[in-house]
Amino acid sequence: MKAVIIAESQNIIDEFSQYYKSNGFDVIVYRWLMKAMDNIEEIDPDLIFINAEEYPRHWKILCQYVAGINKFPKIVLYSSRNFKDEENEKAKLLNIDSVINSSEDLQEVCTLEELCPTTNEPENEVE
């Protein structure tokens, strides 16, 4: 599984890269959002993590672009401040899977199997 992290802050990159790696993801980091957009189709990630504080307008463009190329990765937005109601509405309309405020929030979100599957359970045998 592949995760793309889009952030400029080295602290954010280090913290969340480590978390995703420990949950079985191959992590690809971009500091430039436009470069990430240019490569999303080829990478075909399962998850996109974006620091919404560093890209306050561009995260919306990225989400629209991803939907337009018919890719459906899970998208997690990070913001240390709570989103205003208007921003939360935009996130819902753009099918954002989660908006987090800290790495502790991410750990709660990633306990959901559909966001970060950490086990490969064997499929049930058909008789």
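## Lys 74 in strand S4

Lys 74 is partly exposed, with a relative accessible area of 26%; buried means under 20%, exposed over 50%, and partly exposed in between, with a 1.4 Å probe and protein chains only. Lys 74 belongs to strand S4. Helices (H or I, at least four residues) and strands (E, at least two) are DSSP runs, numbered from the N terminus. Between the C-alpha atoms of Lys 74 and Ala 3 there are 9.2 Å, although the two residues stand 71 residues apart along the chain.

## The model and its confidence

This is a predicted model, in which local features need pLDDT of at least 70 and side-chain atom pairs count only at pLDDT 80 or more, while totals for chains, interfaces and linings use all residues. Residues are numbered from 1 along each chain as its sequence is written, and side-chain values use heavy atoms, with hydrogens and water left out.

The pLDDT is the predictor's confidence in each residue, from 0 to 100. Its mean for the protein is 81, and 80% of the residues reach 70 or more. Confidence is highest in strand S2 (residues 26–30), at a mean of 97, and lowest in helix H5 (residues 103–109), at 61. Over residues 118–127 the pLDDT is below 50, and this stretch has three contacts in the model beyond near neighbours in sequence. A contact means heavy atoms within 4.5 Å.

## Overall layout

The protein has five helices and five strands. Read from the N terminus, their order is β-α-β-α-β-α-β-α-β-α. There are 127 residues, and 42% of them count as buried. Of the contacts between residues at least 6 apart in sequence, 65% join residues at least 24 apart.

The protein exposes about 7900 Å², with carbon and sulfur atoms supplying 45% of this area. Accessible areas come from the Shrake-Rupley method with a 1.4 Å probe, and for residues only the protein chains shown count as cover.

## Nonpolar cores

A nonpolar core is a set of buried Ala, Val, Leu, Ile, Met, Phe, Trp, Tyr and Cys residues joined through side-chain atoms within 4.5 Å. The largest one has 23 residues, and those with the most contacts inside it are Ile 6, Ile 48, Ile 50, Trp 59, Leu 62 and Ile 96. At least two residues of this core come from each of strand S1 (2–6), helix H2 (33–43), strand S3 (47–51), helix H3 (58–68) and strand S4 (74–78). H2 gives the most, with five residues.

What does Ile 48 touch, not counting residues up to four places away in sequence? Its partners are Val 4, Ile 6, Ile 40, Leu 62, Val 66, Pro 73, Lys 74, Ile 75 and Val 76. Another core, of 14 residues, lies apart from the largest one; among its residues are Ala 3, Ile 5, Ala 7 and Val 76.

In H3, the buried residues are Trp 59, Lys 60, Leu 62, Cys 63 and Val 66. They lie on the same side of H3, because they cover an arc of only 160° around the axis. The arc is that of the directions from the helix axis to the C-beta atoms. These buried residues pack against S1, H2, S3, S4 and helix H4 (85–93). On the other side of H3, Gln 64 and Gly 68 are exposed.

Ser 17 sits in helix H1 (residues 10–22) and is buried, with a relative accessible area of 7%. Leaving out residues up to four places away in sequence, Ser 17 touches Ile 5, Ile 12, Val 27 and Val 29. Ser 17 and Val 4 are 13 residues apart in sequence, and their C-alpha atoms are 9.2 Å apart in space.

The whole structure holds six aromatic pairs. Rings of Phe, Tyr and Trp (its six-membered ring) pair if their centres lie within 6.5 Å. One aromatic cluster is formed by Phe 16, Tyr 19, Tyr 20, Phe 25, Phe 49 and Tyr 78.

## Positive phi values

Most residues other than glycine have a negative phi. Asp 44, in the loop between H2 and S3, has a positive phi near 50°. Asp 44 is partly exposed, at 38% relative accessibility. Just after H3, Asn 70 takes a positive phi of about 60°.

Asn 95 also has a positive phi, near 60°. This residue is in the loop between H4 and strand S5 (98–100). With a relative accessibility of 60%, Asn 95 counts as exposed.

How values were computed: Rings of Phe, Tyr and Trp (its six-membered ring) pair if their centres lie within 6.5 Å; planes under 30 degrees apart count as stacked, over 60 as edge-to-face and the rest as tilted.
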